[in-house]
Amino acid sequence: MVDTAKTGAPKPQLDVITIGRSSVDLYGQQIGSRLEDVASFAKSVGGCPSNIAIGTARLGLKSAVITRVGDEQMGHYIREQMQREGVDDAGIATDPDRLTALVLLSVENDAAFPLIFYRENCADMALCEADIDPQFIASSASVLVSGTHFSKPDPEAAQRKAMRLARENGGRVIIDIDYRPNLWGLAGHAAGDERYIASSHVSDKLKTILPDCDLIVGTEEEVLIASGEADLHQALRTIRACSSATIVLKRGPMGCIVYDGVIPQNLEDGIVGDGFPIEVYNVLGAGDSFMSGFLRGWLRGEDHKTSATWANACGAFAVSRLLCSPEIPTWTELQYFLSEGSPHHALRKDEVINHIHWATTRSADIPLLMALAIDHRLQLTEIADEIGVEHERISAFKRLAVAAAAKVANGRDGFGMLIDERFGRDAFFDAAKHNFSWIGRPVELPGSRPLQFEFSQDMGSQLTEWPVDHCIKALCFYHPDDAPEIKNGQQQKLLALYQAARKVGRELLIEIIAGKNGPLDDTTIATALEEVYALGIKPDWWKLEPQASITAWRNTEAVINRIDPLCRGIVVLGLDAPQDALEQSFRAAASIPTVRGFAVGRTIFAAAARAWMAGKMSDEEAITDMAERFDTLCQLWLKYRNDQPA
């Protein structure tokens with residue numbers, strides 16, 4: 001590789017550009033079922049190069065992908081998911097004539113993973129030389145090509161062009177052999193899980209690629225096909241005869257061996273990283289996770305043993321979980337595992353690691369959240385009953401509240417809404433049209449103590465119908481001094497909700513109101529949170545009542561930072577307080593870094609709701625009134641927050 005410090009060439013902006021397959025994977029969620037019997041699927045980005053782009057980004061590298069997607073919803077999903085993961089999407093071309101590739105698969109048992117490739121004339125296989133931008137290639141320290149994309153003339157030409165440009169610019173070339181006989185036309189549609197069919201055509205093609213590579217990575221079967229040999233030892237020697245590249249031999253549960261220089265007489269004498277014996281749950285995607293870990297070390301100048309250890313650890317995560325790219329660990333997660341290990345043979349059962357994975361792969365960071373809460377049901381039905389109007393009017397009013405919040409937000413980050421299912425169906429549809437950073441929805445039966453859920457006590461089945469970006473909100477009237485029978489009942493409800501939230505992949509906000517059922521001092525809320533945490537519950541958000549004492553807020557923050565520093569943070573609720581009282585609570589809370597903002601309702605909407613339902617205020621007047629009140633609170637919060645030292 002060219003020394004940019006000596007040549008004066010600009011330092012590459014990217015660590016790696018991956019090239020090739022990009023699909024939407026649909027994984028059967030019924031484990032132990034034939035693909036014929038699967039009833040529901042989980043969706044994720046797939047395709048070896050795309051998985052590696054995501055995996056390396058999660059591990060702290062600056063990655064990009066060059067591929068094609070269709071001009072339809074699945075193609076849009078891939079591009080948006082790459083953006084969420086921090087992958088540079090400048091190399092993703094939209095193909096107006098072809099569909100995005102799909103893959104359907106199931107986990108039948110620990111050795112059978114039937115899959116079907118929907119790739120006839122798909123978008124990514126239409127990749128061509130025109131899709132390879134020389135300046136984009138020059139911006140990266142390396143390019144990764146994949147074996148499958150040498151199976152057709154146009155994508156082959158594209159990858160060869162990228163390799164040539166990379167070498168001309170001093171970049172390194174990596175090949176993931178990525179052999180899928182089915183995608184070379186060597187097996188039928190039902191044989192998508194076939195891993196090896198000998199083919200002189202494939203071998204001859206791959207052998208022309210190897211001399212221009214700096215890193216060659218493959219399984220034993222892939223090394224055989226790349227060399228055209230039938231014996232593994234001879235296969236490695238054949239590859240070495242035509243390439244001086246570092247060779248990484250993947251051996252599944254036995255980890256890997258790295259070869260630099262002459263292939264030893266005893267293959268075990270290569271460089272071996274630490275291994276991690278774990279239960280094999282699903283091998284699909286393990287190689288991509290492995291490659292991500294190896295590249296994190298190799299591209300950052302680590303020794304081969306370290307790179308191999310990281311690769312083995314990342315592969316262990318993947319085989320212990322269901323999906324491909326979503327299961328690749330983050331750098332924080334990997335470092336925890338390497339330092340602390342796990343008592344579980346099945347990593348997916350390690351709650352500590354699962355939480356780190358969840359918290360470090362959540363959607364975009366939300367350092368500021370100013371939310372208009374319109375999830376109230378009892379309070380609005382009481383107003384409607386008092387005035388004598390039908391409850392259906394409440395639904396229409398909630399749509400006005402969405403319009404008011406959107407007017408204040410004006411497309412900016414940091415704004416959110418709380419909306420309920422009972423009266424907020426149309427309001428949800430309206431909110432989806434605006435660029436809110438956060439939308440939450442309650443599950444508690446209003447006023448219940450002990451906590452009960454509103455529509456069903458089986459929250460797991462209910463949550464599957466929610467949009468994936470909607471946050472669960474549960475209000476619990478909880479005080480540390482509650483009687484044991486009340487406390488235990490509420491704790492078990494919260495625990496069941498937390499487990500359901502994690503199972504279906506939804507964020508959770510727990511709202512604790514203690515002041516209505518006992519005295520508040522500087523330790524009350526902190527103690528309540530500590531008791532909830534002791535159950536193994538780690539919500540993404542806390543929503544807490546105002547605390548005038550700075551000491552009380554600091555005590556609360558200390559509990560969160562000690563037990564779950566990955567928590568998104570706290571939002572302050574209003575409790576129908578007048579504006580001047582809220583201003584005092586904002587002044588105290590804004591000095592606490594863990595408090596991200598507020599979620600206030602009645603202070604904003606109560607007057608407008610009463611006047612509008614009574615026919616004394618028009619739609620526009622109600623929107624304007626709520627927008628002005630909401631904006632005033634936003635300005636107050638920002639004022640006190642910005643007054644704090646950085």
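Q: First off, is Asp274 buried, partly exposed or exposed?
A: Asp274 counts as partly exposed, at 40% relative accessibility. Keep in mind that this is a predicted model.

Q: And what does Asp274 form a salt bridge with?
A: With Lys305; the closest N and O atoms are 3.3 Å apart. That pair links distant parts of the chain, 31 residues apart: Asp274 is in the loop between β13 (271-272) and α9 (286-298), while Lys305 belongs to helix α10 (residues 304-319).

Q: What about Lys305, buried or partly exposed?
A: Lys305 is partly exposed, with a relative accessibility of 40%.

Q: How many salt bridges does a search of the whole structure find?
A: It turns up 35.

Q: Which residue pairs with Lys487, then?
A: Glu531 does, and their closest N and O atoms are 3.1 Å apart. This one also links distant parts of the chain: Lys487 sits in helix α17 (residues 484-504) and Glu531 in helix α18 (residues 524-534), 44 residues apart.

Q: Is Lys487 buried or exposed?
A: Buried, because its relative accessibility is 13% and the cut-off for buried is under 20%.

Q: Which residues do salt bridges with shared partners join into one network?
A: Asp375, Arg377, Glu444, Glu454, Lys473, Glu511 and Lys543.

Q: Where does Asp124 come in, what's its salt-bridge partner?
A: Arg119, with 2.5 Å between the closest N and O atoms. Both Asp124 and Arg119 are buried.

Q: Is Cys128 buried or exposed, by the way?
A: It counts as buried, at 19% relative accessibility.

Q: Now helix α2, how many of its residues are buried?
A: Eleven of its eleven, so α2 (residues 48-58) is mostly covered. Among them are Cys48, Pro49, Asn51 and Arg58.

Q: What follows α2?
A: Gly60, whose phi is positive, near 100 degrees.

Q: Last topic, the sheet. In what order do the eight strands close into a barrel?
A: They run β14-β15-β16-β17-β18-β19-β20-β21, and the pairing is parallel. On average, neighbouring strands of this sheet are turned by 25 degrees against each other, ignoring direction.

Q: Which strands does helix α19 touch?
A: Helix α19 (residues 550-563) packs on the sheet and touches β19 (541-544), β20 (569-573) and β21 (595-600). The direction of α19 makes about 145 degrees with that of β20.

Q: Back to the strands: over how many bridges do β14 and β15 pair?
A: Five, in the parallel sense, with β14 covering residues 369-374 and β15 residues 415-419.

Q: And what stands opposite Ala371?
A: Gly416, in β15.

Methods. Residues numbered from 1 in each chain as written. Predicted model: local features only at pLDDT ≥ 70, side-chain atom pairs only at ≥ 80, totals over all residues. Heavy atoms only, no water. Pairing = 2+ DSSP bridges. Helix = DSSP H or I, 4+ residues; strand = E, 2+ residues; numbered from the N terminus. Axes fitted to C-alpha atoms, helices over the stretch in contact; angles between N-to-C directions. Contact = heavy atoms within 4.5 Å. Buried < 20%, exposed > 50% of the residue type's maximum accessible area, 1.4 Å probe, protein only. Salt bridge = Lys/Arg side-chain N within 4 Å of Asp/Glu carboxyl O.
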